[in-house]
Amino acid sequence: MESVRLTFRVNRKDISYLRYTIESYDGMGIVKTLDPKSALIEVKTAPGCEETVRQLITAVQREDGIPVEEFRSRIPLSRGFYIATMGCQMNEYDSEYLGSKLREMGFTPVDAPEKADLVILNTCTVREKADQKAFSLLGRVSGIKLGRPEMVLGMAGCLAQREGERLFKRFPQLDFVIGPRELGNIGTLLDDVSYHRQKRTATRLDHPPLTSCSRNLPNEKITAYISIMQGCNNFCAYCIVPYVRGREISRSPEDILEEARQLIANGTKEITLLGQNVNSYFWGEGDNSCDFSCLLNELNGLKGLLRLRFTTSHPKDLSDDLIRRFGELDKLCPHIHLPFQAGANEVLRRMKRGYTREHYMSLVEKLRDAAPEMGITSDVMVGFPGESRKHFEETLDLVDRVQFDSLFSFKYSDREGTLASHMENKVGEEEKARRLAVLQDLQNTITLKKNRRLEKRELPVLIEGHNKKGTQLMGRTGSNKIVNLACPIRYIGSIVNVSIQRGYLHSLLGKPLDFSASINNSRE
Ligand code: SAM
Ligand code: SF4
């Protein structure tokens with residue numbers, strides 16, 4: 001006979017008591033906890049007995065003072081979720097956080113939006129292209145939902161924060177909009193959407209940073225991110241981030257260390273700390289305070305961790321103290337991502353970046369003194385309002401002098417509400433495209449030359465897993481270069497000495513040397 005399933009939300013500590021009460025009441029129903037950490041339980045009962053179960057639960061509520069709420073979700077019990085992530089590493093981290101929260105609530109991940117009961121698009125809005133990509137995906141998933149009206153569809157991330165309720169008009173299939181600072185409230189929001197059947201917008205920016213949730217990632221992840229802070233106070237003239245991610249706020253070192261320990265216990269060997277400007281990380285007061293160098297020291301001491309990285313550093317706040325850590329902390333990888341944005345002082349001034357090209361180049365020198373193998377990567381944009389050809393030549397000159405390992409380069413894109421969007425002398429699209437092509441040509445030549453120079457060198461490589469094609473394994477050097485190599489899979493998660501055979505534009509080809517020297521700091 002078919003059974004009926006009812007779902008209730010209870011406090012975790014009351015689950016056993018409720019289970020005992022229901023199961024011992026004439027065998028009224030079988031209770032299942034949807035997830036050990038979940039506050040949701042499922043009661044399976046015979047058709048016709050639903051009301052008796054509800055009355056029993058109401059009696060428990062009244063007589064024992066135990067709060068119980070029935071969850072009449074339109075999301076079915078075999079709840080599959082799908083998250084599409086666009087944009088930066090911060091969004092990747094936020095999607096993992098969302099995924100962990102959803103798993104705690106009894107959801108399971110599925111591999112396509114067509115199979116999901118809950119679809120969330122985690123979006124970016126840093127450039128116009130990102131908006132277009134997100135809108136086009138939202139249109140496609142709205143189409144899927146037309147054929148499956150029971151599906152719950154949400155939009156998260158920076159574009160969601162920027163557009164808010166306006167999105168419901170343009171995309172009537174959308175059920176909720178949630179900003180990056182509200183992700184911790186996803187549970188309540190889903191209740192409202194699925195139980196009360198309301199459209200919901202959660203876009204407050206004054207929330208504290210995300211608190212830890214268990215990083216119960218589906219698979220062992222050799223490399224993982226931890227967000228150490230949210231928001232940004234810098235208001236660079238072109239950038240929308242401070243408007244959509246709010247003011248800068250740091251997480252406590254205890255919270256970060258606990259998250260790191262969980263990841264390490266689950267097999268993670270390399271952690272990348274994330275923040276828009278990690279150099280301004282700060283927690284606490286007086287003797288009990290902890291700045292970014294102090295946080296790095298603490299993490300460097302974690303047993304079982306092999307490598308530590310961070311991104312992004314702001315040139316105006318990169319201190320000598322932090323630069324010194326590269327030579328001192330054994331797990332800190334010799335790589336820095338240090339965006340310079342433009343090579344001309346006049347443009348840097350109008351961008352409100354707070355440093356000069358001379359200061360930037362002095363930092364590069366200090367970094368290479370502290371760690372000669374240092375990989376230096378950067379972000380740059382072309383066609384900022386008022387950027388002349390001469391200014392652009394100065395960007396090319398800086399790229400040539402610094403000799404970056406690689407470069408993310410963008411065409412300036414107007415973002416509504418930013419200072420730069422009101423500036424005059426906008427550079428035409430064609431000219432921006434021309435400058436970008438010249439810049440990328442120059443950088444490609446430099447990257448290829450630097451990668452070729454590594455041929456015949458022996459480098460320690462952390463083996464992360466299979467490469468994209470699945471034909472070989474892949475790993476990274478300390479300086480963050482991708483190495484493809486044939487290597488037994490038991491070395492995934494170990495640092496292996498590798499001889500570099502060929503240097504290409506986007507990767508290196510390596511051959512593992514003596515495995516006896518490999519390091520695998522097993523979990524503690
Ligand atoms: N916080 C980081 C920093 O200050 O370097 C970067 C954050 S931003 C999400 C990543 C990169 O996007 C920036 O370094 C910048 O090069 C680029 N970017 C930001 N706003 C842009 C805009 N309006 N047009 C083009 N590129 C932009
Ligand atoms: Fe944007 Fe500047 Fe903040 Fe980076 S530092 S997120 S570029 S405002």
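Visitor: Which strands each supply at least two residues of the shell around ligand 1?
Guide: Strands are DSSP runs of E, at least two residues long, numbered from the N terminus, and a residue is near a molecule if one of its heavy atoms lies within 4 Å of it. In this predicted model, two strands each supply at least two residues of the shell around ligand 1: S19 (375-382) and S20 (406-411).

Visitor: What share of the area that ligand 1 exposes when taken alone does the protein bury?
Guide: Among the polar contacts of ligand 1, a nitrogen atom lies 2.9 Å from a polar side-chain atom of Gln276, and an oxygen atom lies 3.4 Å from one of Arg353. A polar backbone atom of Ser413 is 2.8 Å from a nitrogen atom of ligand 1. Taken alone, ligand 1 exposes 560 Å², and the share buried by the protein is 91%.

Visitor: How many charged residues does the shell around ligand 2 have?
Guide: The residues surrounding ligand 2 include Cys232, Cys236, Cys239, Gln276, His314 and Arg353. By class, seven residues of this shell are nonpolar and three are polar. The number of charged residues is one.

Visitor: Which residues touch the most other members of the largest nonpolar core?
Guide: In soluble globular proteins, nonpolar side chains tend to be buried together. The largest nonpolar core here has 67 residues. Leaving out residues up to four places away in sequence, the contacts of Leu273 include Ile226, Val278, Phe292 and Phe310. The members touching the most others are Leu273, Phe292 and Phe310.

Conventions: Residues are numbered from 1 along each chain as its sequence is written. Chains are lettered from A and ligands numbered from 1 in the order in which they are written. This is a predicted model: local features need pLDDT of at least 70, side-chain atom pairs count only at pLDDT 80 or more; totals for chains, interfaces and linings use all residues. Side-chain values use heavy atoms; hydrogens and water are left out. Ala, Val, Leu, Ile, Met, Phe, Trp, Tyr, Cys and Pro count as nonpolar, Asp, Glu, Lys and Arg as charged, and the others, Gly among them, as polar. A nonpolar core is a set of buried Ala, Val, Leu, Ile, Met, Phe, Trp, Tyr and Cys residues joined through side-chain atoms within 4.5 Å. Buried means under 20% relative accessible area, exposed over 50%, partly exposed in between (1.4 Å probe, protein chains only). Contact means heavy atoms within 4.5 Å. A polar contact is a pair of N or O atoms within 3.5 Å; within protein, one must be able to donate a hydrogen and the other to accept it, and residues adjacent in sequence count only if both atoms are side-chain atoms. Accessible areas come from the Shrake-Rupley method with a 1.4 Å probe; for residues, only the protein chains shown count as cover. Helices (H or I, at least four residues) and strands (E, at least two) are DSSP runs, numbered from the N terminus.
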